[in-house]
Amino acid sequence: MRMKNKISRRNVLKSLAALPVIAVAGYHASASAAPMVTADDAVAKALAYTDKSATAGQSCANCKLYQGGTAASGPCPLFPGKEVAAAGWCKSWVTKG
Ligand code: SF4
């Protein structure tokens with residue numbers, strides 16, 4: 001009887017120890033799963049967003065609002081829940097300053 005309780009307690013502790021790892025792995029998986037902004041997006045149309053900037057010296061990568069760091073794509077507050085291309089551009093481009 002006493003032995004059974006020890007095994008049970010050990011199994012419970014092992015299960016609890018694994019939970020944070022699963023939670024963190026799940027968070028990263030969902031964070032990187034944000035869809036890209038597409039040309040048919042209503043906000044993209046309104047802001048003339050393109051995933052390939054045609055404006056010299058301006059792209060999402062060097063826009064103050066870009067939150068992707070040095071990544072090829074990342075979040076922009078103008079497109080909640082989606083990602084823009086670092087090489088992209090829109091009419092709301094803001095210089096980093
Ligand atoms: S505001 Fe426009 S140019 Fe700046 S990161 Fe967002 S989509 Fe790109």
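Reader: Where is Ser53 found in the chain?

Author: Ser53 sits in the loop that runs between α2 (42-46) and β1 (73-75). Keep in mind, as we go, that this is a predicted model.

Reader: Is Ser53 buried or exposed?

Author: The idea is to count neighbouring C-beta atoms, and 20 or more within 10 Å makes a residue buried. Ser53 has 21 other C-beta atoms within 10 Å, so Ser53 is buried.

Reader: Which residues is Ser53 in contact with, leaving aside its neighbours within four places in sequence?

Author: Here one looks past the sequence neighbours. Ser53 is then in contact with Gln58, Ser59, Ala87, Gly88 and Trp89. Take Gly88: Ser53 and Gly88 are 35 residues apart in sequence, yet their C-alpha atoms are 4.8 Å apart in space.

Reader: Which residues have the most contacts inside the largest nonpolar core?

Author: They are Val37, Cys60, Tyr66, Cys76 and Val84, in a core of 14 residues.

Reader: How many residues surround the ligand, and which are the closest?

Author: There are 13 residues around the ligand, and the closest are Cys60, Cys63, Tyr66, Cys76 and Cys90. By type, the shell holds 11 nonpolar residues, two polar ones and no charged ones.

Reader: What pattern does the chain follow along the sequence?

Author: Listing the helices and strands in order gives α-α-β-β, that is, two helices and two strands. For the whole chain of 97 residues, 20% count as buried. Of the contacts with a separation of 6 or more, 64% join residues 24 or more positions apart.

Reader: What is the mean pLDDT of the chain, and over which residues is the pLDDT below 50?

Author: The mean is 80, with 66% of residues at 70 or more. Residues 18-30 are the stretch below 50, and beyond near neighbours in sequence they have zero contacts in the model. Where pLDDT is low, the predicted coordinates should not be read in detail.

How values were computed:
Residues numbered from 1 in each chain as written. Predicted model: local features only at pLDDT ≥ 70, side-chain atom pairs only at ≥ 80, totals over all residues. pLDDT = per-residue confidence, 0-100. Contact = placed C-beta atoms within 7 Å. Near = placed C-beta within 6 Å. Nonpolar A, V, L, I, M, F, W, Y, C, P; charged D, E, K, R; others polar. Core = buried A, V, L, I, M, F, W, Y, C linked by C-beta atoms within 7 Å. Buried ≥ 20, exposed ≤ 12 C-beta atoms within 10 Å, placed from the backbone. Helix = DSSP H or I, 4+ residues; strand = E, 2+ residues; numbered from the N terminus.
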